[in-house]
Amino acid sequence: MTTTEPSPASPSRLPALARHAAGGLLTLAITLLGLLLVTFVIGRVVPIDPVLSIVGERATEAQYQAVRTALGLDQPLWQQFWIYVRDAVQGDLGQSIRTRTPVIEDVARVFPATLELATLGTLIGVALGVPAGVLAATRPGTLADQIVRLVGLVGYSMPVFWLGLIGLLIFYGQLGWVGGPGRLDATYEMMLEFSMTRYTGAILIDSALNGAWDIFANAISHILLPAGILGYVSMAYISRMTRSFMMTELSQEYITTARVKGMPEWRVIWVHAMRNVSVPLITVIALSYAYLLEGSVLTETIFAWPGLGLYITDALFAADMPAVLGGTVVVGVVFVTLNMMSDILYRLVDPRAR
C-alpha cells in the first residue's frame with residue numbers, strides 16, 4: 001500500500017469543488033436560520049421585558065406602547081421573526097440596553113481581543129500538541145507516552161476557571177512572572193488610547209505596526225498566561241487526536257514497506273505518515289480554534305479580558321438580552337463558518353474526499 005499523494009485541484013475537479021462549496025453555503029444558510037430561530041425563541045420566552053428594560057419602571061403607558069410598537073413587538077410572531085432575520089442579515093443585531101449602542105458595533109469593538117487570545121492559544125496548542133502526539137505515538141507504552149497522555153488528560157478534564165485562578169495565584173501573585181488581569185497596565189491603556197494608531201484592534205499587531213515596543217512587551221506579559229492556559233487546553237485535545245491518527249497510520253503497510261526499504265525513521269514519520277495525518281488533523285485544529293473563540297467566556301471573566309465572552313457575561317448579568325442574543329449569533333456564525341472552511345480545506349488537501 002502506498003501513501004496517497006495530495007495533489008492540487010485539477011480543472012476537471014474544480015466544478016465538483018464549486019458544487020461542494022455551493023452546498024456548504026446552503027447548509028451554512030440553513031444552520032444560521034436555525035440559530036436565528038433559536039435565539040428569537042429564547043428572546044421571547046425569557047422572563048425579561050425588553051420594553052421595560054428600555055423605558056424603565058416609571059414610564060407611562062403611552063411611552064411603553066410607543067417603544068413596543070417601535071420594536072415591532074405588537075406584530076404577529078411570524079412577522080417579528082421575519083423582521084429579526086431581515087435585520088440580522090443586514091448586520092443589525094439590535095441595540096444594547098447597557099451601552100446604548102448597536103450590538104454589532106460593540107461586537108466589532110470587543111471581538112479583536114477574543115480573536116487575539118484564541119489565535120495565540122491555538123498556535124501554542126498546535127506547536128506543542130502535534131509534536132507531543134507524534135512522540136507518544138512513536139513510543140507507545142513508554143514513559144514518554146504515559147507523560148503525554150497524563151498531561152493531556154489533566155488539560156482535558158480540569159476546569160478552565162480553576163486553571164486560570166491557580167495560574168494567577170502562582171505566576172502573577174507569587175512569582176510575578178506575568179502581568180495581571182486585563183490586556184494592559186493602566187498607564188499603557190492611556191498610551192494606547194491617545195498615542196497609537198489602531199489598525200486591527202489586536203494590541204500585539206497594532207503596537208508592532210506602530211513601533212510601540214514598550215506597549216507590545218506589556219501586552220505580551222498580560223496575554224501570556226490566559227493564552228497559555230487556552231493553549232494547554234487546546235494542546236490536550238490536539239495531542240490526543242494526533243496520537244490516535246499517527247498510531248493508525250504507523251500500522252499501515254506502506255509504513256512497513258518504507259521501513260523495509262531503509263528509509264530514515266524521521267522521513268517515514270514526518271513525511272509519509274504526517275502527510276496523511278494532516279488531513280483529519282485540519283478538522284481537529286479548526287474545531288479547537290472555534291472552541292477557543294466561542295468557549296473562552298470563563299477565561300475572559302477570570303482575567304478581565306475585554307473580549308466577546310466577557311461582553312456576553314456582563315450583558316447577561318445586566319439582563320441585556322439584545323447584547324446576549326446578538327453575541328450568541330456572532331459566536332454561532334464564527335463556529336459554523338470555521339467548520340465549513342475546514343471541510344472545504346479538507347477536500348482540497350485530500351483527493352479521496354473530492
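Let's start with the fold: this protein chain has 15 helices and zero strands. Keep in mind that this is a predicted model.

Some totals next. The chain has 354 residues, and 39% of them count as buried. The accessible surface comes to about 18800 Å². Carbon and sulfur atoms hold 67% of that surface. Now the contacts with a separation of 6 or more. Residues 24 or more positions apart account for 73% of those.

On to helix packing. Two packed helices are described by the angle between their axes and the distance between the axes. I'll give both for two pairs. Helix α10, residues 213–250, is in each pair.

Pair one is α10 with helix α6, residues 143–157. Their axes come within 8 Å and cross at roughly 135°. That angle makes α6 oblique to α10. The crossing is left-handed. Who makes the contact? From α6 we have Asp145, Arg149, Val151, Gly152, Val154, Gly155 and Tyr156. From α10 we have Tyr232, Val233, Met235, Ala236, Tyr237, Arg240 and Arg243. Sort the residues of this contact by class and you get eight nonpolar, two polar and four charged.

Pair two is α10 with helix α7, residues 160–174. Here the axes come within 10 Å, and the crossing angle is roughly 140°. Roughly parallel, roughly antiparallel, roughly perpendicular or oblique? The cut-off for roughly antiparallel is over 145 degrees, so α7 and α10 are oblique to each other. This crossing is right-handed. On the α7 side, the contact uses Val160, Leu163, Gly164, Gly167, Leu168 and Phe171. They meet Leu225, Ile229, Tyr232 and Val233 of α10. What about the classes? Eight residues are nonpolar, two are polar, and none is charged.

You'll find Phe40 in helix α1, residues 14–45. Buried or exposed? The relative accessible area of Phe40 is 6%. Buried means under 20%, so Phe40 is buried. What does Phe40 touch, leaving aside residues up to four places away in sequence? The list is Leu77, Gln80, Phe81 and Tyr84. Take Tyr84. Phe40 and Tyr84 are 44 residues apart in sequence. In space, their C-alpha atoms are 7.6 Å apart.

To recap the two pairs: α6 with α10 is left-handed, and α7 with α10 is right-handed. That's it from me.

Notes
Residues are numbered from 1 along each chain as its sequence is written. This is a predicted model: local features need pLDDT of at least 70, side-chain atom pairs count only at pLDDT 80 or more; totals for chains, interfaces and linings use all residues. Side-chain values use heavy atoms; hydrogens and water are left out. Helices (H or I, at least four residues) and strands (E, at least two) are DSSP runs, numbered from the N terminus. Buried means under 20% relative accessible area, exposed over 50%, partly exposed in between (1.4 Å probe, protein chains only). Contact means heavy atoms within 4.5 Å. Accessible areas come from the Shrake-Rupley method with a 1.4 Å probe; for residues, only the protein chains shown count as cover. Axes are lines fitted to C-alpha atoms, for helices over the stretch in contact, and angles run from 0 to 180 degrees between N-to-C directions. Angles under 35 degrees count as roughly parallel, over 145 as roughly antiparallel, 65 to 115 as roughly perpendicular and the rest as oblique. A crossing is left-handed if the near helix is turned anticlockwise from the far one by less than a right angle, and right-handed if clockwise. Ala, Val, Leu, Ile, Met, Phe, Trp, Tyr, Cys and Pro count as nonpolar, Asp, Glu, Lys and Arg as charged, and the others, Gly among them, as polar.
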